[in-house]
Amino acid sequence: EEVLNQDVHLEEDTDWPGVNLKVGQVSGLALDPKNNLVIFHRGDHVWDENSFDRNFVYQQRGIGPIQESTILVVDPNTSKVLKSTGQNLFFLPHGLTIDRDGNYWVTDVALHQVFKVGAEKETPLLVLGRAFQPGSDRKHFCQPTDVAVDPITGNFFVADGYCNSRIMQFSPNGMFIMQWGEETSSNLPRPGQFRIPHSLTMISDQGQLCVADRENGRIQCFHAKTGEFVKQIKHQEFGREVFAVSYAPGGVLYAVNGKPYYGDSTPVQGFMLNFSNGDILDTFIPARKNFEMPHDIAAGDDGTVYVGDAHANAVWKFSPSKAEHRSV
Ligand SMILES: O=C(N[C@@H](O)C(=O)O)c1ccccc1
């Protein structure tokens, strides 16, 4: 069991120019095997009240896919854009996950599809779901939000989604294996019930998968293989919504929350959580600009954490501060 560095404090790296990158709504962030930051954003498309009809069918199909690059590979220190791809493929980008082979796994809530895209190739290696067709069987998703890839088995999980309440498990080549989850039936959410499973993260050293159960304002963790509920993490400081989670080996689970209930003063902030007992180790907010809708979080092995915001259209970098400690 790793010894947790209990007095780590995260501060925005205000030398990082990436906070001024010209991007649209930032929906997904991930780190690639070379520790570059990869940003998945919506260019000139936005998700607003007019984007979908009441059957979750995307209404702006006519404007075509986003023409600019939606996937940017960014230098973690200089924030220079090293590579930009993903043109003319997506309508409303959402989740981004990078597996240990460097493949990008993305979801598009307008297409209701999940894509595996090789870092070097343009044409997707795998496409799941039926373009523009929401559904809840094994071949359809409804606004799928995120993917997580089990590094041991290569199986992958899909958080499905805004208009379904399930986690689906597939084999490496996209064959359906099993699913779990149901919609929340009362205002006392039970284990395995979801109200927008919004973000996934593998706790690979424990064989667990954790889910940001967004509108239930909690994190639920499950045995990845069986979907069996293990635990939930919930704090008053989370407020109403938990948008995203990210785990980096070392025992710390990172999360970002959402806007509080009207009139509630709970700040929008990032959290460092002790994964094993759920305690809040630290909270953090940007020094430059403000969190508006922090939408994804990506934690690196070196303690660096990135947060992408789908309303501020910004990406912040946070680093463990070298706050001098009394050495007793
Ligand atoms: O949640 C929403 N959006 C974000 O999650 C996102 O942009 O991914 C949303 C909800 C209602 C209307 C419009 C947008």
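**Disulfides, rings and spaces**

Reply: Cys142 and Cys163 form a disulfide, with their sulfur atoms 1.9 Å apart; a disulfide here is a pair of cysteine sulfur atoms within 2.5 Å. This is a predicted model, in which local features need pLDDT of at least 70 and side-chain atom pairs count only at pLDDT 80 or more, while totals for chains, interfaces and linings use all residues. Residues are numbered from 1 along each chain as its sequence is written, and side-chain values use heavy atoms, with hydrogens and water left out.

Me: Why is the disulfide of Cys142 and Cys163 called left-handed?

Reply: The torsion about its S-S bond is about -95 degrees, so the disulfide of Cys142 and Cys163 is left-handed. Cys142 lies in the loop between E9 and E10 and Cys163 in the loop between strand E11 (156–160) and E12, so the bond ties together parts 21 residues apart in sequence. Helices (H or I, at least four residues) and strands (E, at least two) are DSSP runs numbered from the N terminus.

Me: Are Cys142 and Cys163 buried or exposed?

Reply: Both Cys142 and Cys163 are buried, where buried means under 20% relative accessible area, exposed over 50% and partly exposed in between, with a 1.4 Å probe and protein chains only.

Me: How many disulfides are there by this rule?

Reply: The count comes to two. A disulfide also joins Cys210 to Cys221, S to S 2.1 Å, and with 105 degrees about the S-S bond this link is right-handed. Cys210 is in strand E17 (residues 208–213) and Cys221 in strand E18 (residues 218–223), eleven residues apart. Cys210 and Cys221 are buried. In sequence order, the bonded cysteines pair 1-2, 3-4.

Me: On to the rings. How many aromatic pairs are there?

Reply: The count is 22 aromatic pairs. Rings of Phe, Tyr and Trp (its six-membered ring) pair if their centres lie within 6.5 Å; planes under 30 degrees apart count as stacked, over 60 as edge-to-face and the rest as tilted. For Phe141 and Phe170, the centres are 6.1 Å apart and the planes at 75 degrees, so this pair is edge-to-face. Phe141 lies in the loop between strand E9 (126–128) and E10 and Phe170 in strand E12 (residues 166–170), so the pair ties together parts 29 residues apart in sequence.

Me: What about Tyr247 and Phe275?

Reply: Their ring centres are 5.6 Å apart and their planes at 65 degrees, so this pair is edge-to-face. Tyr247 is in strand E20 and Phe275 in the loop between strand E22 (270–274) and strand E23 (280–284), 28 residues apart. Tyr247 counts as buried at 8% relative accessibility, and Phe275 is buried at 3% relative accessible area.

Me: Which charged end sits over the ring of Phe275?

Reply: That of Lys231, 3.6 Å from the ring centre; the rule asks for NZ of Lys or CZ of Arg within 6 Å of the ring centre and within 35 degrees of the ring normal.

Me: Last topic: how much space lies in the largest pocket?

Reply: The largest pocket holds about 1,000 Å³, a volume being the space filled by probe spheres set on grid points joined across faces, edges and corners. On a 1 Å grid over the protein atoms alone, a pocket is an open set with protein on both sides within 12 Å along at least five of seven lines, a cavity is a set of points where a 1.4 Å probe fits but cannot get out, and lining residues have an atom within 4 Å of a point. The largest pocket is lined by 40 residues, of which Leu31, Thr97, Ile98, Asp99 and Arg100 lie nearest its centre.
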